[in-house]
Amino acid sequence: MSNFRFKALEVAQSRHAVPVAAPTERVGDFFGSYTFSSEVMRALLSPEAYLKVTEAINTNGQIDRNIADEVAGAMKSWATSKGATHYTHWFQPLTGETAEKHDAFFDITMEGKAVEKFKGSALVQQEPDASSFPNGGLRNTFEARGYTGWDPSSPAFLMDNGAGGKTLCIPSVFISYTGEALDYKTPLLKALNALDKAATAVCQYFDRNITKVTPTLGPEQEYFVVDRALFYARPDLVLAGRTVFGHAPARGQQLEDHYFGSIPPRVNAFMVDFEFESMKLGMPVRTRHNEVAPGQFEVAPTFEEVNLAVDHNALLMDLMEKIAAKHNLKVLFHEKPFAGVNGSGKHNNWSMGTNTGVNLLAPSTKPKESLRFLTFLVNVVKAVHDNADLLRASIASAGNEHRLGANEAPPAIVSVFLGEALTQTLNDLETKSEVTVNKGDNVYYKLGLNRIPSLMRDNTDRNRTSPFAFTGNKFEFRAVGSSANSASTMTVLNAIVADQLNKFKFDLDARLARGEKKELAIVDILKEYYANSKRILFEGNGYSDEWVEEAASRGLSNIKSSPEALGVFVQPESLALFERTGVMNHAEVESRYEIELEKYIKNVQIESRVMGDLAMNHVVSTALKYQNKLAETARNLVELGMTAEAEPIKDILREISTRVIMIKKGVEAMIESRKKANNVTDTSERAKLYATEVKDHFDLIRYEVDKLEEVVDDEDWPLVKYRELLFVK
């Protein structure tokens with residue numbers, strides 16, 4: 001058993017849970033202790049400075065540079081008192097990863113002495129080299145300048161370096177020398193500002209006290225966990241993030257026993273550890289559980305303002321990677337790391353709240369509140385209907401392409417689930433002009449068990465097959481990929497809703513100018529909107545083949561290819577929407593389109609290369625060695641006069657030969673298709689070739705390899721098997 005696979009298994013099976021101790025007995029004692037929070041600012045800043053900073057945060061205003069000097073001094077004092085030695089502008093470039101460049105809290109004087117230093121200018125702005133970050137043609141390669149700028153609405157935090165010392169991380173935007181956005185945060189902030197203005201203007205028709213609307217987000221993060229030794233024994237996981245080969249184990253998720261099951265001790269220790277560290281950073285992670293697939297889990301936070309929630313999710317993913325290493329585990333965020341079992345998503349639970357404490361997507365039975373709720377509900381539905389393809393584009397990626405449309409994931413068809421009660425309410429609105437929202441009476445289950453308290457049933461069920469489902473007081477966009485930065489989807493969602501609310505205000509103002517009564521005018525507009533967008537509502541099984549046929553008959557799009565979906569970004573109506581809402585200009589949108597296409601091409605290219613290498617250098621070579629063993633055995637049997645007994649072995653020899661030939665032909669054809677694609681200069685056309693001609697070979701090669709896994713002796717097989725990756729914890 002000298003096979004590297006078995007050595008990795010021995011290591012994995014010998015490991016035990018690492019004990020984790022809570023920082024204190026009460027979460028409240030350490031929650032947010034590593035964040036430069038509002039409470040910390042209030043304690044360290046002068047009343048004038050604190051007021052100006054908070055006012056700028058609440059009104060999207062600018063912070064005076066003089067105030068920035070005071071904030072920087074307070075921030076440095078707080079950070080160094082907790083062991084920080086460096087600071088960095090923490091930003092989110094279009095690589096899909098977070099980025100940071102650390103600078104020390106000191107400078108050298110002319111006399112050669114070290115002096116602690118952190119000025120307001122360093123807090124407000126830094127200049128990382130932008131030449132190696134994706135830009136999509138926004139600048140030439142030799143133009144290296146780029147700027148990061150402090151985002152005061154997202155609190156600075158301390159990141160433990162793991163080897164002593166901490167770094168002060170300052171959430172920041174990232175722009176090019178010419179001012180275009182090179183990150184996820186900048187367009188998101190603009191989209192949130194656009195929604196705030198549009199939604200507040202609509203709220204003014206119902207309540208003059210509403211002066212601000214804040215979109216909120218709670219991203220549920222799904223992920224897989226595997227032993228670190230087993231991870232490094234699979235080159236495809238290391239290089240591509242997913243297994244390109246692997247025969248389904250006898251037991252996968254068919255028993256449905258993993259979902260909400262007892263969490264394995266090692267994984268639970270890892271969860272507890274990263275939750276403690278998350279809470280120090282002010283991340284309100286509250287829920288943990290086993291997901292459907294073996295080895296799959298989920299963590300979910302409490303709702304936060306969208307910008308902060310996106311920052312926290314990106315930080316959480318980075319933190320989980322670091323903490324997993326301490327526990328000799330590896331976190332997999334790929335949307336489909338294993339074939340035949342559930343993939344992973346990042347369910348984006350989105351809503352809108354007002355400065356008066358109202359959730360605009362919470363139903364109400366009061367007439368005025370009911371009309372306001374329906375106004376926002378119908379406008380969201382219409383925004384999704386009119387921009388379904390753009391919303392689909394926001395979740396397009398090479399990883400998510402493996403997941404969307406699979407048995408466990410929302411289909412590539414964008415539809416909206418509202419539930420029976422709300423759908424009936426909107427039907428009554430359309431046919432009877434009634435605006436009463438029936439929240440439904442409380443219904444209690446009678447279990448016939450006196451010891452069990454009465455259990456209350458919600459008046460509507462949930463639909464986990466819908467990509468965009470209303471779940472009581474929010475919408476859950478379930479189609480977002482687990483590795484994605486939610487900023488991309490949230491930028492699009494908030495922009496399209498803002499645009500739709502602006503249209504609603506325009507339509508309503510036109511009617512009011514004609515002397516129509518406000519309430520009647522609103523009802524008439526909502527009736528028209530609903531009639532024009534109700535085809536996107538679907539209450540049934542979104543995974544079924546029947547829905548694909550029905551969606552086609554309704555005229556709904558089913559864009560399965562990522563390159564095709566990404567092309568929606570640069571359609572004239574999309575460019576106009578982003579410009580109209582002030583979220584992105586044409587150059588920024590087009591650059592993102594180029595960047596996403598390049599990322600798609602490179603990801604598929606890496607998968608293709610990994611597949612070819614593993615197939616020829618690991619699988620085929622192993623199969624041929626095993627074939628030689630069998631051939632020797634067959635010869636010995638024939639020489640002994642046992643010709644009949646040798647026939648089954650010969651059958652296996654023939655099968656191995658046939659499959660090896662098919663693999664070799666498949667890999668050669670895949671390489672040729674890759675060369676053909678690489679010779680195409682147009683990025684869009686090259687991406688389409690990778691999506692079709694290159695990827696078309698994947699399943700064919702995989703089929704033959706996975707069949708060989710069933711034939712070759714288990715002790716000879718070089719790759720860690722699914723039963724080991726998924727069940728050894």
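Strand 6, residues 146-150, is mostly covered in this predicted model, with five of its five residues buried. Strand 6 has pairing partners in strand 5 and strand 8. Elsewhere, the salt bridges come to 44, among them one in helix 15 between Asp428 and Lys432.

**Strand 6: burial**

- Burial applies to both faces of strand 6.
- On one side lie Gly146, Thr148 and Trp150, and on the other Tyr147 and Gly149, each of them buried.
- In a regular strand, side chains alternate between the two faces of the sheet.

**Strand 6: pairing**

- Strand 5 (residues 125-126) runs antiparallel to strand 6 and is joined to strand 6 by two bridges.
- Within that pairing, Gln126 has Thr148 as its bridge partner.
- Strand 8 (residues 166-176) also pairs with strand 6 in the antiparallel sense, here over five bridges.
- Thr148 has Phe174 as its bridge partner in strand 8.

- Asp428 and Lys432 form a salt bridge in which the closest N and O atoms are 3.8 Å apart.
- The two residues sit four residues apart in helix 15 (residues 420-432), so about one helical turn separates Asp428 from Lys432.
- Asp428 counts as buried because its relative accessibility is 17%, under the 20% cut-off.
- Lys432 counts as exposed because its relative accessibility is 52%, over the 50% cut-off.

- Glu668 and Lys664 meet through their side chains in a salt bridge, at 2.5 Å from N to O.
- Helix 22 (residues 643-678) holds both Glu668 and Lys664, four residues apart, about one turn of the helix.
- Glu668 is partly exposed, at 41% relative accessibility.
- Lys664 is likewise partly exposed, with a relative accessibility of 41%.

- Lys707 counts as partly exposed at 26% relative accessibility.
- Glu710 counts as partly exposed at 48% relative accessibility.
- One network, made by salt bridges with shared partners, joins Arg5, Asp714, Lys721, Arg723 and Glu724.

How values were computed: Residues numbered from 1 in each chain as written. Predicted model: local features only at pLDDT ≥ 70, side-chain atom pairs only at ≥ 80, totals over all residues. Heavy atoms only, no water. Buried < 20%, exposed > 50% of the residue type's maximum accessible area, 1.4 Å probe, protein only. Pairing = 2+ DSSP bridges. Salt bridge = Lys/Arg side-chain N within 4 Å of Asp/Glu carboxyl O.
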